[in-house]
Amino acid sequence: MLESDIQKLIMLAVAKQGHVLFRNNTAQGWIGNAKMINGKIVITNPRPLYAGLCTGSSDLIGWTSCGIFLAVEVKRPRKKATKEQANFIAQINKEGGIAIVATSDKDATDQIATEIYRRRLAASCSASASK
């Protein structure tokens with residue numbers, strides 16, 4: 001199964017749980033003055049154009065049903081996140097979002113549900129301790 005197939009399955013599965021995810025494409029292209037020369041498009045005064053979020057940003061981004069920023073890096077089984085992807089995931093989690101690496105729709109929904117439950121439990125315990 002292709003990574004793009006897994007992404008689609010994850011997007012459908014998390015939507016059933018009330019979460020929202022969008023595909024986050026990142027790329028670099030070139031802009032400038034385009035001219036047709038001998039049947040080819042030539043760009044003069046080229047400048048790089050960066051699209052999407054930052055390098056390493058997750059494949060899918062959105063929010064949970066309770067409004068928490070959500071990022072899902074999709075990998076085929078046995079594949080690992082790059083250093084940049086791992087850094088993005090760490091930053092999102094550090095700042096209070098939920099960021100995961102998932103290899104299937106079940107993997108993604110299980111991880112998201114576990115993290116939401118863990119946070120609710122922590123909030124519940126904090127509220128009880130302050131009484």
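Tutor: Buried means under 20% relative accessible area, exposed over 50%, and partly exposed in between. The model here is predicted.

Student: Does that make F22 buried, exposed or partly exposed, and what is its class?

Tutor: The relative accessibility of F22 is 46%. The in-between class runs from 20% to 50%. F22 therefore counts as partly exposed.

Student: Which class does W63 take?

Tutor: W63 has 42% relative accessibility. That value also calls for the in-between class. So W63 is partly exposed.

Student: How many aromatic pairs does the structure hold, and what form does the pair of F22 and W63 take?

Tutor: The structure holds one aromatic pair. F22 and W63 form it, at 5.8 Å centre to centre. Planes under 30 degrees apart would be stacked, and over 60 edge-to-face. With 55° between the planes, the pair is tilted.

Student: How far apart in sequence are the parts that this pair ties together?

Tutor: F22 lies in strand β1 (residues 20-23). W63 lies in strand β4 (residues 60-63), so the pair ties together parts separated in sequence by 41 residues.

Student: Is E115 buried or exposed, and which side chain does a polar contact join to that of E115?

Tutor: E115 sits in helix α3 (residues 105-129). At 18% relative accessibility, E115 counts as buried. A 2.8 Å polar contact joins its side chain to that of R119.

Definitions and conventions
Residues numbered from 1 in each chain as written. Predicted model: local features only at pLDDT ≥ 70, side-chain atom pairs only at ≥ 80, totals over all residues. Heavy atoms only, no water. Phe/Tyr/Trp six-rings, centres within 6.5 Å; stacked < 30°, edge-to-face > 60°. Helix = DSSP H or I, 4+ residues; strand = E, 2+ residues; numbered from the N terminus. Buried < 20%, exposed > 50% of the residue type's maximum accessible area, 1.4 Å probe, protein only. Polar contact = N/O pair within 3.5 Å; in protein donor to acceptor, adjacent residues only side chain to side chain.
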